[in-house]
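Take a look at the fold below.

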Amino acid sequence: MTEFDINHFIQSNDTTAAQKIIHSALAAFDNIAISFSGAEDVVLIDMAVKAKKNVQVFSLDTGRLPPETYQFLETVRKHYNLPIHILSPDKEELDKFTHEKGLFSFFEDGHKQCCGIRKVAPLRKKLLSLDAWITGQRKDQSHGTRNQLNIVEEDTTFSKDDSTLYKFNPLADWSSEDVWNYIKMFDVPYNPLHQKGFISIGCEPCTRAVLPNQHEREGRWWWEETEHKECGLHIGNLIPTKSS
Ligand code: SF4
């Protein structure tokens with residue numbers, strides 16, 4: 001691969017042209033994968049398979065996902081005839097954690113430790129094997145933590161010591177409405193929880209439906225302060241990075 005020029009990529013792409021951004025990202029990197037959360041970021045998969053047949057997709061199975069999300073992962077796998085690499089937490093680390101603190105410690109001392117074991121550690125391990133990854137992050141998903149999101153950035157959180165990991169956020173400038181227009185227009189499968197008032201979908205104990213006009217992030221870790229509502233997968237949103 002020739003060296004990736006991040007500034008050139010940003011300047012030569014319309015930030016709202018998500019499909020073209022995905023095409024360009026897949027063309028620039030062979031060893032690139034989509035991170036699929038089991039929610040409306042399914043649009044990334046739909047766009048990617050239209051660009052390239054053998055797209056790498058992975059998903060984090062925290063062990064605490066709602067049944068609807070597990071079923072949805074299977075629906076997507078079959079719909080696109082696409083393998084999804086399911087990442088699981090380290091068994092020993094998880095056993096030790098649940099033995100010491102039980103299954104709901106996040107309600108008492110915050111979600112950081114549980115997310116660290118169930119999400120961040122498996123993700124870190126996966127990203128060590130990649131040159132780039134694609135996420136469904138959007139600016140409008142947060143009350144501030146994602147405002148500075150670029151369509152591509154150097155992932156200083158998960159980069160290896162000797163090489164840069166690039167993170168593409170093709171939906172950065174899309175609104176929730178844009179996403180749902182795409183889902184309807186192209187008949188894309190979606191998680192049935194969206195029909196029950198869930199907007200942002202994560203683990204079952206830490207996600208709840210929101211009321212009309214409530215921000216989607218209010219359905220996640222509702223017992224914590226807004227500025228802490230990142231699970232660690234995108235910690236660069238909280239800590240200034242080299243590229244932002
Ligand atoms: S979202 Fe909740 S259950 Fe899931 S890993 Fe984080 S703290 Fe644990």
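Which handedness does the β-α-β unit made by E1, helix H3 and E2 have? The model is a predicted one. In it, strand E1, helix H3 (residues 42–51) and strand E2 form a right-handed β-α-β unit.

Start with strand E1, residues 32–35. E1 pairs with E2 (residues 56–60) in the parallel sense, over three bridges. Within this pairing, Ala 33 has Gln 56 of E2 as its bridge partner. E1 also pairs with strand E4 (residues 132–134), again parallel and again over three bridges. Here Ile 34 stands opposite Ile 134 of E4.

Now consider the faces of E1. In a regular strand, side chains alternate between the two faces of the sheet. Ile 32 and Ile 34 lie on one side of E1, Ala 33 and Ser 35 on the other. These four residues are all buried, and both faces of the strand are covered.

Step back to the whole sheet. Six strands build it, in the order E3-E2-E1-E4-E6-E5. The sheet is open, and its pairing is mixed. Strand E3 (85–87) and strand E5 (152–154) stand at the edges. Each has a single partner strand, so one side of each is left without a neighbour in the sheet. On average, neighbouring strands are turned by 25 degrees against each other, direction ignored. Helix H7 packs on this sheet and touches E2, E3 and E4. The direction of H7 makes about 160 degrees with that of E2.

Return to H3, the helix of the β-α-β unit. Which of its residues are buried? They are Val 42, Val 43, Leu 44, Ile 45, Met 47 and Ala 48. Their cover includes three strands of the sheet, E1, E2 and E4. It also includes helix H2 (18–28), helix H4 (67–79) and helix H8 (176–185).

Definitions and conventions:
Residues numbered from 1 in each chain as written. Predicted model: local features only at pLDDT ≥ 70, side-chain atom pairs only at ≥ 80, totals over all residues. Buried ≥ 20, exposed ≤ 12 C-beta atoms within 10 Å, placed from the backbone. Helix = DSSP H or I, 4+ residues; strand = E, 2+ residues; numbered from the N terminus. Pairing = 2+ DSSP bridges. Right-handed = clockwise from strand over helix to strand, strands pointing away. Axes fitted to C-alpha atoms, helices over the stretch in contact; angles between N-to-C directions. Contact = placed C-beta atoms within 7 Å.
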